[in-house]
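Please work through each task before reading its solution.

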Amino acid sequence: MTGLGVGLWAAITIAVAGPATSPEYLPLQVAQAEGYFAQEKLDVTLTFERNEGDAARALARGQADIAATSLDTAYRQGHVAGAPPTLFFGLTAAAPVAILVSPNHKDTVRAPADLRGQPVGLPGAGTPEHAMLNAVLIRAGVKIHQVPLRSFSSRALESALARGEVAAGVMADPLITRMVEEQTGSILVDLRQRSDAARWLGAETVHGALFVRAGSALEEHDLTALARALLRAVARVTEATPESLLSVLPQPVTGQPADFRARLEGARQSYLPRGQVTDDMLKASINQARERAPFPSAVKLPWFSWSSLLLSAPLQRALEASSPPAR
């Protein structure tokens, strides 16, 4: 997919996991809308996929140079003949979701271990909500099969939780904010802030990130330029007012303004500082993914050395260029 775009601009295709309103991947939308890619002389095409799996598969098939998706999905479905993609830029520590408890069960469900045997609502199997629930349960010593899972649409899950049809529900904003404000659900586990995610998951982790296809021909200086644009975009997402972002982003990305404000505020503290992922963070994230389900035998992931899965040099150069000189 790489080639010359406008003049000497580098052309880069990025497959972005959907839905379009997902806050994990909002910095990419902001970088495009604010012109940060163009200012770096990059001709970036964002292809919006239905979910994390579709983004990873687009990477594996060579339909994209880079995928913005979850770590778990990138390694399971984004490999090329077993060769995993390399993590280039970290976005979020965990999916910005929370486990809410029904008012009817708030006296009996006080900790994740109390979910054993209790019906829990999700937006579907294979979703970020499903993965995060599984990770939290494992940490609490509960097997996922010990928790009866039920799938709902967002609106139906909100109603089911409020009525006590399920003991708990795993959801994202704006549902989290709305249900807490309306007192139709209370937070049991909140993964929207990095510090809380580390507490509930037992380690600092990475969830959403940008992954470069195995064998990619992308030039390092182009990846450095891409990293500079992404650093600006993450800073914009974490610091800008919702109104200033609403003024530049397309409606399919924002949805209803009130919903966008809730998603943005809920996700601001989930982004990794400066896009950096350490060996320890990567190790913890891969080990947690392995605990949830074994990786396909074809995928060649290391057991001990993690540096080969990190493409750190472009981001480091971008960070050095943006740092003020020592005095």
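Two exercises with worked solutions follow.

The model is predicted, with local features needing pLDDT of at least 70 and side-chain atom pairs pLDDT 80 or more, while totals for chains, interfaces and linings use all residues. Residues are numbered from 1 along each chain as its sequence is written, and side-chain values use heavy atoms, without hydrogens and water.

**Exercise 1.** Determine which residues touch the most other members of the largest nonpolar core.

*Solution.* Step 1: a nonpolar core is a set of buried Ala, Val, Leu, Ile, Met, Phe, Trp, Tyr and Cys residues joined through side-chain atoms within 4.5 Å, where buried means under 20% relative accessible area (1.4 Å probe, protein chains only).
Step 1: the largest such core has 49 residues, and Ile14, Leu28, Phe37 and Leu226 touch the most other members.
Step 2: helix H9 (residues 220-239) contributes the most to this core, with 10 residues; helices are DSSP runs of H or I, at least four residues, numbered from the N terminus.
Step 3: a separate core of 25 residues includes Ala95, Ala135, Val189 and Leu191.

**Exercise 2.** Classify the geometry of the aromatic pairs.

*Solution.* Step 1: rings of Phe, Tyr and Trp (its six-membered ring) pair if their centres lie within 6.5 Å; planes under 30 degrees apart are stacked, over 60 edge-to-face and the rest tilted.
Step 1: this rule gives 2 aromatic pairs.
Step 2: the ring centres of Tyr75 and Phe211 are 5.7 Å apart with planes at 75°, so this pair is edge-to-face.
Step 3: for Phe88 and Phe89, the centres are 6.3 Å apart and the planes at 50°, so the pair is tilted.
Step 4: Tyr75 and Phe211 are both buried.

Note on methods: Buried means under 20% relative accessible area, exposed over 50%, partly exposed in between (1.4 Å probe, protein chains only). Helices (H or I, at least four residues) and strands (E, at least two) are DSSP runs, numbered from the N terminus.
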